[in-house]
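Here's a quick briefing on a ligand and the site around it. Take a look at the sequence and structure first.

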Amino acid sequence: MNQIAVIYWSGTGNTESMAHSVADGIAKVGKEAVLKQVSEISAADAAAYEALALGCPAMGDEVLEEGEFEPFFSDLEASLSGKKIALFGSYGWGDGQWMRDWQDRVIAAGAALCGGEGLIVQNAPDGDGISQCEELGAALAGM
Ligand SMILES: Cc1cc2nc3c(=O)[nH]c(=O)nc-3n(C[C@H](O)[C@H](O)[C@H](O)COP(=O)(O)O)c2cc1C
């Protein structure tokens with residue numbers, strides 16, 4: 001499939017802003033981004049994409065959002081081998097532990113992690129954060 005999925009959960013819009021910018025970065029290099037909230041796609045349908053950008057903020061105590069995103073990602077995890085994956089998300093007061101744990105899961109599942117690590121932005125992305133998101137999308141599209 002030539003399209004790249006950008007799938008995210010966002011409670012207050014910060015990770016949603018990041019998702020839109022990741023999709024913009026994909027489009028800027030001429031690929032098609034399919035942008036979806038996690039509630040709009042099943043893990044089985046997500047597994048049909050060869051490249052996915054996944055976004056989720058730090059929630060709970062340094063974990064993925066547990067109501068929708070964690071169940072989705074748990075289901076997807078077994079299908080990640082060989083796929084190209086970019087991770088992104090917003091955080092508030094922590095040090096990014098949720099993202100380090102998430103990265104480890106993606107690598108353990110056998111996926112190629114775009115850039116070698118996830119992109120984290122504190123609270124709402126500023127101009128610099130928006131640029132980093134666009135660069136992440138472009139890098140994923142170029143893998
Ligand atoms: C219930 C709850 C739990 C949170 N837990 C953490 C946390 O463990 N570490 C952290 O850095 N930020 C935490 N935050 C802050 C959010 O990650 C931060 O506000 C982020 O920008 C939210 O992104 P969103 O607008 O995409 O929902 C938490 C926020 C909420 C509401």
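**Ligand site at a glance**

The model is predicted, so to speak with care: local features need pLDDT of at least 70, side-chain atom pairs count only at pLDDT 80 or more, and totals for chains, interfaces and linings use all residues. Residues are numbered from 1 along each chain as its sequence is written, and side-chain values use heavy atoms, with hydrogens and water left out.

**Shell**

**Polar contacts** (N or O pairs within 3.5 Å)
- The side chain of T12 has an N or O atom 2.4 Å from a ligand oxygen.
- A polar backbone atom of T15 is 2.7 Å from an oxygen of the ligand.
- For G60, a backbone N or O atom lies 3.1 Å from a ligand nitrogen.

**Pocket**
- The ligand takes up the space of the largest pocket (an open set of points on a 1 Å grid over the protein atoms alone, where a 1.4 Å probe fits, with protein on both sides within 12 Å along at least five of seven lines; lining residues have an atom within 4 Å of a point). A molecule sits there if more than half of its atoms lie within 2 Å of the grid points.
- Lining classes for the largest pocket are six nonpolar, 11 polar and two charged residues.

Conventions. Polar contact = N/O pair within 3.5 Å; in protein donor to acceptor, adjacent residues only side chain to side chain. Nonpolar A, V, L, I, M, F, W, Y, C, P; charged D, E, K, R; others polar.
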